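Reader: I have a model open and want to learn to read its features. Where do we begin?

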Amino acid sequence: MFKRLISVVVAAVVLSFQLFIGSATALELDQATRTVKLNEQGDTVVISIPQLAIGKKLFNDTCAQCHAGGVTKTNQNVGLEPEALALATPRRDNIEGLVDYMKNPTTYDGEIEISEIHPSIKSADIFTEMRNLTDDDLTAIAGHILIQPKIVGIRWGGGKIHY
């Protein structure tokens, strides 16, 4: 019984330490790190710490099944790294572009609407994980996607080099 009590205490201490470190890491993200492009015109917006936490949770709940670590499992040639997002038509390297994509997705060249095969608000009847997402939720997810390369570097999106 004494061994079990010690095991529980050790587990609680380790978990508390991990939670503290995780919270401290989120708080250490300065305003420059949390500043991302808002639109194609180059306006910027600062993603708040709470928005970032919500965006991470929603991304993990709704997007990470196919985009873990920013890699697109169904097409590994096109990930969520800034270079790939910038080369899409229309550009998706900004909040408004990503939110628009999550509402009405198109192929990388922007020619064909793909809401029947890619989760979106438009296809929420097919992809139920999108059903209850608001514009604020989509903005938080977009913020998470755009901030990740600043945090994890080239590992986000698979570290591909685009020429």
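Reader: Which residues have the most contacts inside the largest nonpolar core?

Author: Note before we start that this is a predicted model. The largest nonpolar core has 25 residues. Those with the most contacts inside it are Phe-59, Ile-95, Leu-98, Ile-141 and Ile-145.

Reader: Which helices each supply at least two residues of this core?

Author: They are α2, α5 and α6. Helix α6 gives the most, with six residues.

Reader: Take Ile-145. What is it in contact with, leaving aside neighbours within four places in sequence?

Author: Ile-145 is in contact with Phe-59, Leu-80, Leu-85, Leu-98 and Trp-156.

Reader: Now aromatic rings. What describes a pair of them?

Author: Two values do: the distance of the centres and the angle of the planes. Here, a search of the whole structure finds one aromatic pair. Its members are Phe-59 and Trp-156, at 5.7 Å centre to centre. The planes are 50° apart, and the pair is tilted.

Reader: Why does the pair tie together parts that are 97 residues apart in sequence?

Author: Because Phe-59 lies in helix α2, residues 49-62, while Trp-156 lies in the segment after α6 (135-152).

Reader: Are Phe-59 and Trp-156 buried or exposed?

Author: Both Phe-59 and Trp-156 are buried.

Reader: Next, empty space. What shows where it is left?

Author: Rolling a probe the size of a water molecule over the atoms does. In this model, the largest pocket holds about 690 Å³ of space. Its lining has 31 residues. His-67, Thr-72, Thr-74, Tyr-101 and His-118 lie nearest the centre of the pocket.

Reader: What classes make up the lining of the largest pocket?

Author: There are 17 nonpolar, eleven polar and three charged residues.

Reader: Which helices each supply at least two residues of that lining?

Author: α2, α3 (64-67), α4 (82-87) and α5 (95-103) do. The largest share, four residues, comes from α2.

Reader: What about the backbone? Are most peptide bonds cis or trans?

Author: Most are trans. Here, a cis peptide bond joins Thr-89 and Pro-90, with omega about -10°. Pro-90 lies in the loop between α4 and α5.

Reader: One last residue. Does Ile-112 count as buried or exposed, and why?

Author: Ile-112 counts as exposed because its relative accessibility is 52%, and the cut-off for exposed is over 50%. Ile-112 lies in the loop between α5 and α6. Leaving aside neighbours within four places in sequence, Ile-112 is in contact with Pro-105, Thr-106 and Thr-107.

Methods. Residues numbered from 1 in each chain as written. Predicted model: local features only at pLDDT ≥ 70, side-chain atom pairs only at ≥ 80, totals over all residues. Heavy atoms only, no water. Phe/Tyr/Trp six-rings, centres within 6.5 Å; stacked < 30°, edge-to-face > 60°. Buried < 20%, exposed > 50% of the residue type's maximum accessible area, 1.4 Å probe, protein only. 1 Å grid on protein atoms, 1.4 Å probe; cavity = no way out; pocket = protein on both sides within 12 Å on 5 of 7 lines; lining within 4 Å. Points joined across faces, edges and corners; volume = space filled by probe spheres on them. Nonpolar A, V, L, I, M, F, W, Y, C, P; charged D, E, K, R; others polar. Core = buried A, V, L, I, M, F, W, Y, C linked by side-chain atoms within 4.5 Å. Contact = heavy atoms within 4.5 Å.
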